Structure formats: C-alpha cells, structure tokens
Amino acid sequence: MNRRLLAVPALAFAVLAVAGCSSRTGGTANPAPSAEPSGSESASQPAAGSAPRVPSPLNAASITSDACATLNAAGRSALSLGDGTPRSTANGPSCTFQEAADPGNQIDVTTVTANKNGLQDVYDTKANDAYFDETQVSGYPAVYAAAADDRKDGKCGLFVGVTDELSVNILVQYDNGAGAADPCPVAQKFGESMVQTLMGG
C-alpha cells in the first residue's frame, strides 16, 4: 500500500526523520540551511572534524531542479525501481522511487539545495543525530545519519557529497524483503548508481 508522503520543512536539526508508527509514514531527512562560508573559509583546508572534500565534483546541474534525475534508466532497473515521482520541499527538489514489485518499499531522495556547504552542514549539526557513520560511495565522501535510529525498522539515511557545496540525501524506507532488515546497503547501492548516473554512465 502506498504511504502518504510528507514534505519536511527546513528546521534546525542535522537530520529529520519521520518517527515510525503503525502505518510508517514516509518522509525525508535533511540538514538545516546554513550561512554561506566566507571566502577565506572556503579556500582553507578542512579543519579536524570537518567534512572531507569532494575529490572530483560531479556535474550536478540536472539534479538541482529534478531529484528524479539522480538515477538513469539503468540505475533504476538495477535497483528494481520505478521512474520516480518528483516533489518540492523547503530543502530542495525531491523524488520518491518505489520498488516496481512492492510499492511499500521506497527511497526518498532530496538534492539539498537549501544548504550551500554540502556535507559540512551535516557535520556541523551531527550532535543532533542518533547515528553518524562516515563512509564513502564510489570514492565520494558520505555519512549515514538521522535524528532517529530506525535502521532496525527498515529506514536508513545517507548523505553523499557530490560537490563541496551540494549534498544529496538518500532515505531508504523498506517494509519488506532484505532491505527491511538491513536498509543501509540499499542506500549505498542507490548512491553508487547515482554517482554513475552523474558521471554519465
């Protein structure tokens, strides 16, 4: 059964997750907008505890207006996902992808254009997160993070830095199958397919 989607406003939290209840309402997890960095800060090397720099910025022009462009047809097919349904949020363009065979399994993706500091905004507010695990996605800096730890309930939030100024939030919400028991590998696979898509692959 399709779940009702809620557009989450930009609030002063690192990651917003919709708490699970009996009907498991869907949502997006996004960091709060922050001020533009000064020229001297952006030119300096990252300080200890700050987000890693993006090694080779991806061409993110297409996803700043359409988050459904995060996956091409090959990527959707590999993950057994439908075309995606676009929507707008205060944090940036979003897209909901549902499994073709099981619409109860969905992935909400948001291009976080409301923030101008990419992953650094997520790092700056990590004290608000229930979990915060650094990782990489196809060589790009990323972090698993969410305000509520619902991983055992099929939810996992992943932020991927596609440029130093832009991150993409991937929120897996699976009710059934292997992804419901272990959702973070699903987010990882989505991120890898997204990187390939933005590379033109």
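A disulfide is a pair of cysteine sulfur atoms within 2.5 Å. Numbering the bonded cysteines of the protein in sequence order gives the pairing 1-2, 3-4. The structure holds two such links.

The model is predicted: local features need pLDDT of at least 70, side-chain atom pairs count only at pLDDT 80 or more, and totals for chains, interfaces and linings use all residues. Residues are numbered from 1 along each chain as its sequence is written, and side-chain values use heavy atoms, with hydrogens and water left out.

Start with Cys-68 and Cys-95. Their sulfur atoms lie 2.0 Å apart in a disulfide. The link is right-handed, with 95° about the S-S bond. This pair links distant parts of the chain, 27 residues apart: Cys-68 is in the loop between α1 (39-43) and α2 (73-78), and Cys-95 is in strand β2 (residues 92-98). Helices (H or I, at least four residues) and strands (E, at least two) are DSSP runs, numbered from the N terminus.

Are these two cysteines buried or exposed? Buried means under 20% relative accessible area, exposed over 50%, and partly exposed in between (1.4 Å probe, protein chains only). Cys-68 counts as buried because its relative accessibility is 10%. Cys-95 is also buried, at 0%.

Now turn to Cys-156 and Cys-184. Their sulfur atoms are 2.1 Å apart, and they form a disulfide. This link is right-handed, with 95° about the S-S bond. It joins distant parts of the chain: Cys-156 in strand β6 (residues 155-163) and Cys-184 in helix α5 (residues 184-198), 28 residues apart. Both Cys-156 and Cys-184 are buried.
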